[in-house]
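Subject: Structure for you to look through

Hello,

Here is the structure I promised to pass on. Please keep it open while you read the notes below it.

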Amino acid sequence: MKTIAFAWRYLWSRPLAATLNLLLLSLGLASVTFLLLVSHQISRAFERDLAGIDVVVGAKGSPMQLILSGVFHLDVPTGNVPLAAVKALESHPQVAKIIPISLGDSFRGFRIVGTTPAYISHYDARLAQGVLWSRPMQAVIGAQVARQTGLHVGDTFAGSHGLGGGGDVHGQTPYTVAGVLAPGGTVLDRLVLTATESVWKVHETDTALDEEDQKILEEEREVTLALIQYRTPLAAVTFPRYINSSTDMQAAAPALEITRLLNMVGVGTDVLRALAGVLLLTAALSVFIALWGAVRERRADLALLRMLGAPPRKVAGLLLCEALWLAMLATLLGVLAGQGLTALIGWTLQLEKSVLIGALSWPVELVSVPVLALGVALVSALLPAWEAYRVSVFELLQPR
Amino acid sequence: MISTRQLAYRYPGGPELRFDDVDVAQGGVLLLRGASGSGKSTWLALAAGLLSPGEGHMTVAGQSIRALGKAAGDAWRAQTIGFLPQRLHLSAALTVHGNLALAQWAAGQPLQEGRIAEALAALDVQALADRRPAQLSGGQAQRVALARAVLLKPSVILADEPTASLDDEAAGASLALLRSTAQQQGATLVIATHDGRVGTFFKDEQGLQSLATGGGRP
C-alpha cells in the first residue's frame, strides 16, 4: 500500500472529526467558489451586453440609471428624448452606428423594446424559429421569454403598460410573435423586441382622440434612448461633452458607469470575501486541532513506524497526506456546492428577469480554490507534521 | 550476533550509563534485567541504532552501531531489527493485514502479500487477517505483533517487557511463543524485563546471556 492509502485509512479512523473538518473546509471553499463564479459571470454578462456600445444617449438624469435601463434593462429609464434629436445624431461625423431603444411596456414582466433590426445584429443573435419583424406589431422574443411564457411563432399577446408588469393591458393593439431568438447569453434573451413604430402605435392608438390628435402625436414622437458606437475612439473625449453641453440630452459612458457600479458592489463582495476568509481560517484551525490531536494520540504508533525503519520525513509525510486528502475532498465538495449555489441564485435571478448568471462555468480563477485548499491544509498540517517528524522512538521504550 | 565492549552512554546533563560486555551468538538469547529506569531502554535504543555509543563499541548482526548514519540507520533497522513493544501498538485504523502492510511500507518495501501470509501463518493468525485489533484477544494481538516483528526476517528480535501485566499462564505462553518464533527465524532474541518470571522461564536455555543494568536514567 502507498502512503496515500494509509493516510486515507488514518483520516477515516476518526470519522466524526474527519467529517466535521471536511464540512468546515468545504463551506469555506464553497463560499470562495460562489464568489468567484458570480463575479466572473456578472462581469461576463456585463461585457457581453456592453460589447460595442460606446455611449448611451438619453434623457437627463442619473447616468448609471440610463445605462442600467438602456443596456442591461434592469432599471427604469430616465425619461424619453425627441426622435428628431436622436435622428440628428445619425449624421454626426463621430457616430458609426446608432440603435434607438423605446421602452414603456412589458409582457409578464419581460420588457417590450421598440428598436431596429440593428439591435439584434449588434449582439449577433440568430433566430431559432420564425423571422424578424417586417411590419409594426410583430415581435421577436428572446429565448428566456419563450421558455417562461410558452409563446410560439404565430401566437399573439398584448403588452401591459409599465416595465414591471401589472399595468393596463393594451388589448386593442396585440403583438404577433414573428420569431424566437436562440439563447445567446445576452440581454436579448429576456426581451420582447419589436419595431420602434409598434411602441408608438400602441400608445398613439390608446391616447389619440381623433386624427388631428394623432397627427400631433406623430410629430412629437420620442424614443427612450439611443445606443451609440463611435467611428473613432477619439470621440470618447468630445462626443459626450458635445451631448451634455449642446443638447437637452445626456451621454453616459457604460464602461465608466459599470466601473462605478462594480466599485459600489465591491464593498459587498469584500464583506463576503472576508466571511469566506473567516470560514477558511476556522477550517484551518479545526484541521490543525484535529491533526495535532491525532499526533498526540498516535505518538507511540508513529514512534513504532520509526522503529520499523520509517525515516522521519516518511512519518511526517503520512500526516501531510491526511491533510492533502482533506484538501482534495473539500475542493471537490466546495466547488460542487459553489456551482450549485450559483445555479440556484442564477435560477432565482432568471425568475426575476434579471442578469443572466448561473450556467455551469469553469473560469480560470477557480484554480485558486484547490490552491487555497492545499494552502490551508498544508499550513494547518505543518506543525503537526513537524511534531510527527520529531517523534522519538523512546515514546515506545519509556517505562510506563 | 551481538557484541559489546565497554559500552557507555551519557544523556546530555545526565549521569553516565555503563554496561557490562556481552557476546551473544546468532540465535542466542539475551536477558536485559533491571528495574525501571536502570538503562534497559537505553541499551535497546543502542542495539536498534537509535543512539550512538558515547564510549566503547557495539556490534549488532555484524554492523558497528557507531558507524551507522541516521538515514542508513533507518534502513538497517528495518532489515535487521524486529521489535515487540510492551504495548503492542497495532494500529486501530487498520486490519491485521493492514498492520503488517504498514510495517512493509515503513521499511520502504513494496507490498508483498506472500510474505504477509507467510508471517501470519507462522504465528497461526492467518484467519484473523481481516479483523481489526479491537476484535482480537490479548494473545491473538501479541501473535499479530510478533508476526509484524518477524515480517522482514530480522536477525535480532528486541522485546520490551513482553510479560508485563500478564498472569503466569499468559506470560509463559508469551515467552514460549517468542522463543519458538526466534528459533524458527534463527534470530537473536533480546528481552528487556524487570519480571523475575522471565529469568525462570529461560533458566535452562542454552547460550543464555544475562545483563543486569543499573543506575542512571533510562
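Chain B has seven helices and 10 strands (DSSP runs numbered from the N terminus: helices are H or I with at least four residues, strands are E with at least two). Its radius of gyration is 17 Å, close to the 17 Å from the globule rule for 218 residues, so chain B is as compact as a globular protein of that length (the radius is taken over C-alpha atoms, and the rule is 2.2 Å times the number of residues to the power 0.38).

This is a predicted model, in which local features need pLDDT of at least 70 and side-chain atom pairs count only at pLDDT 80 or more, while totals for chains, interfaces and linings use all residues. Residues are numbered from 1 along each chain as its sequence is written, with chains lettered from A and ligands numbered from 1 in the order in which they are written.

In chain B, 46% of the 218 residues are buried (20 or more other C-beta atoms within 10 Å of the residue's own; exposed is 12 or fewer, partly exposed is in between, and C-beta atoms are placed from the backbone). Ala121(B) lies in helix α4, residues 113-122. Ala121(B) is exposed, because 12 other C-beta atoms are within 10 Å.

The contact between the chains involves 21 residues of chain A and 32 of chain B (two residues are in contact if their C-beta atoms, placed from the backbone, lie within 7 Å). On the chain A side, α11(A) gives the largest share, five residues.

Regards
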